[in-house]
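Subject: Structure handover

Hello,

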Amino acid sequence: MRQDSNLRTGVLARKMGMTRVFTADGTHVPVTVLQLDGCRVVGQRLEERDGYVALQLGAGVRKAKNVAKAQREAFAKLEVEPAQVVSEFRVSPDNLIEVGAELTADHFVEGQKVDVQGITIGKGFAGAMKRWNFGGLRATHGVSVSHRSHGSTGQRQDPGRTFRGKKMAGHYGTETVTTQNLQIVRVDVERGLILIKGAVPGAEGTFVRVRDAVKSPFADLPRPGAFRRAGQEAAAQDNGAGEAEAADQSADQVAGADAGGSEEQ
């Protein structure tokens, strides 16, 4: 496999549904809403150890009792929380990200193209017309109660069988599909939302793989990516709490000074 020197990691995002947004000129754009549900780095694959370079990402939260013992021990060794889904993304050696870092929505920028991979919605057992878009049989002239059948499927005495892979009725959907060159319309970093123009494969609530488009590279992208290091968010929350406490103390001091001044008067 050819290794791109600028290959960044993708993200694992949860498909929330579809809506629309309005542009500056009033045009409405149908978009699919993807949310980053704790997408974090849970492992690294290195050339000297594994034979290739990749990042292992996890998303969602899973109870430890519901995780296999081997996976539970692997997560514990890396000191990361068990993830609901885990997937690997090939990256270049320069774009490796440390374990425990959480990817943010500004990993992608507005206007760039992305490739989205997901598992399509399952539709159960379907006939040849629905599954393969066959035309069906004639509606009259001798065709009785078999208008939507797929017709003959085999050959003559030689070979006397139906070849494997013949387009016939069967299970429809639940396939891994990649939709290419979808455009990023808007990014909401605070809520971890990525709005993509058009439809992406997969049912609502499922996870999809989103990465930079192979056929439409974009120049101005954060490298190795946009992420929040482990413990960085907690430190920010602690600083915020300290600032709030200091503000409360200063307010109390001002109130006490005003009260003392009013008593002297």
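The second largest pocket has a lining of 18 residues, and those nearest its centre are V42, R45, Q56, A74 and L78. A pocket here is an open set of points on a 1 Å grid over the protein atoms alone, where a 1.4 Å probe fits, with protein on both sides within 12 Å along at least five of seven lines; lining residues have an atom within 4 Å of a point. Two or more lining residues come from each of β3 (40–45), α1 (47–50), α2 (69–78) and β5 (85–90). Helices (H or I, at least four residues) and strands (E, at least two) are DSSP runs numbered from the N terminus. The largest share, five residues, is given by α2.

This is a predicted model, in which local features need pLDDT of at least 70 and side-chain atom pairs count only at pLDDT 80 or more, while totals for chains, interfaces and linings use all residues. Residues are numbered from 1 along each chain as its sequence is written, and side-chain values use heavy atoms, with hydrogens and water left out.

Strand β5 also holds S87. S87 is buried, at 15% relative accessible area (buried is under 20%, exposed over 50%, partly exposed in between, with a 1.4 Å probe and protein chains only). Its side chain makes a polar contact of 2.3 Å with the side chain of R209 (a pair of N or O atoms within 3.5 Å, one able to donate a hydrogen and the other to accept it; residues adjacent in sequence count only if both atoms are side-chain atoms). Beyond four places in sequence, S87 is in contact with L12, L55, Q56, L57 and R209 (contact means heavy atoms within 4.5 Å).

The largest nonpolar core contains 29 residues, and L34, L57, V114, V116, I194, I196 and V210 have the most contacts inside it. Such a core is a set of buried Ala, Val, Leu, Ile, Met, Phe, Trp, Tyr and Cys residues joined through side-chain atoms within 4.5 Å. A second, separate core has six residues, including V21, V29, V31 and L195.

Some backbone points remain. The peptide bond from D158 to P159 is cis, with omega near 5 degrees, and R223 and P224 are also joined by a cis bond, with omega about 5 degrees. E79, in the loop between α2 and β5, has a positive phi near 60 degrees and is exposed at 73% relative accessibility.

Regards
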